[in-house]
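Welcome, and thanks for taking a look at this one with us. Below is a short briefing to read alongside the model, grouped by topic.

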Amino acid sequence: MAMDVVDYEIKGAEMQFVEVELDPGEAAIGEAGSMMFMDAGIQMDTVFGDGAKQQGGFFGKLLGAGKRLVTGESLFTTIYTNNAGAKQRVAFAAPYPGKILPMDLKQLGGMLICQKDSFLCAARGVSLGIALQQKLSTGFFGGEGFIMQKLEGDGLAFVHAGGTVVRRSLQPGQTLLVDTGCVVAYTPSVNFEIQYVGKIKTALFGGEGLFLAKLSGPGEVWLQSLPFSRLASRVFAAAPQTGGGGREQGSLLAGVAGVGILGGILSGDDD
């Protein structure tokens, strides 16, 4: 399928969204639930599987849906088509604080490997697949880096990353050791492996786990400072583990009672 060429504008700082401008007949694909707003001339159509596989028959659609299911995404994607006679806009919002990265697949060699939950939206014609790491050790110990998404085509795709994002250009033979969750995306020429941290004490008490991702050049690598898994674990750890008759519950009841008493005094009921 021919790629649609779309214009876009990324807005916001910590909580960003991307506004895509579609010419008449152009379309964009997005993850289910990522749409923020759209003009009235855009038709929204939820399809089974990969939005780029609509001409592949039932088995093509089934294969596209299976690939998305393996990566942990929804079985469905949504296509936003401009059926009006003028330009229309549709916006897609980031799911948590971070940055939206525009990826021109044509300039990146037609393919990009990214974390399975990082894809946000793309121009119609970009194919969404899976990239399984070939080495057995990566499968056993790679964690978040084992099953990743593969974006193919020559159009624009938008990837979301948590926190601050840095792009590193690796030269041939240059190696970078990274926490597996901090890898957002990389070009296919980069070699992805898993490396043991080396010391038991560091592995047990260093807080980084037993294994790190080893990325070797040449190629481009995008890293994020705040993976969603790390953010979720910190929020869960900080959340109060309340039980029946716990301290937090008592504080809440006391606070409600205090508000009631204060309200009575201010209203003049208690003379």
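**The chain and two places to look**

The accessible surface of the chain comes to about 14200 Å², and carbon and sulfur atoms account for 59% of that area. Please keep in mind that this is a predicted model. We begin with the chain as a whole, then turn to a pocket and a loop residue.

**Overall make-up**
- The chain has 271 residues, and 40% of them count as buried.
- Its secondary structure consists of five helices and 19 strands.
- If you take the contacts between residues at least 6 apart in sequence, 77% of them join residues at least 24 apart.

**The second largest pocket**
- This pocket has a volume of about 200 Å³.
- Its lining is made up of 13 residues, and those nearest the pocket centre are Glu 31, Pro 95, Asp 117, Phe 119 and Leu 120.
- By residue class, the lining of the second largest pocket splits into six nonpolar, four polar and three charged residues.

**Ser 118**
- Where does Ser 118 sit? You will find Ser 118 in the loop that runs between strand S9 (111-114) and strand S10 (119-123).
- Is Ser 118 buried or exposed? Ser 118 counts as buried because its relative accessibility is 3%, and the cut-off for buried is under 20%.
- Leaving aside residues up to four places away in sequence, Ser 118 touches Phe 158, Val 159, His 160 and Val 184.

Definitions and conventions: Residues numbered from 1 in each chain as written. Predicted model: local features only at pLDDT ≥ 70, side-chain atom pairs only at ≥ 80, totals over all residues. Heavy atoms only, no water. 1 Å grid on protein atoms, 1.4 Å probe; cavity = no way out; pocket = protein on both sides within 12 Å on 5 of 7 lines; lining within 4 Å. Points joined across faces, edges and corners; volume = space filled by probe spheres on them. Nonpolar A, V, L, I, M, F, W, Y, C, P; charged D, E, K, R; others polar. Helix = DSSP H or I, 4+ residues; strand = E, 2+ residues; numbered from the N terminus. Buried < 20%, exposed > 50% of the residue type's maximum accessible area, 1.4 Å probe, protein only. Contact = heavy atoms within 4.5 Å. Areas by Shrake-Rupley, 256 points an atom, 1.4 Å probe, with all protein chains shown as cover.
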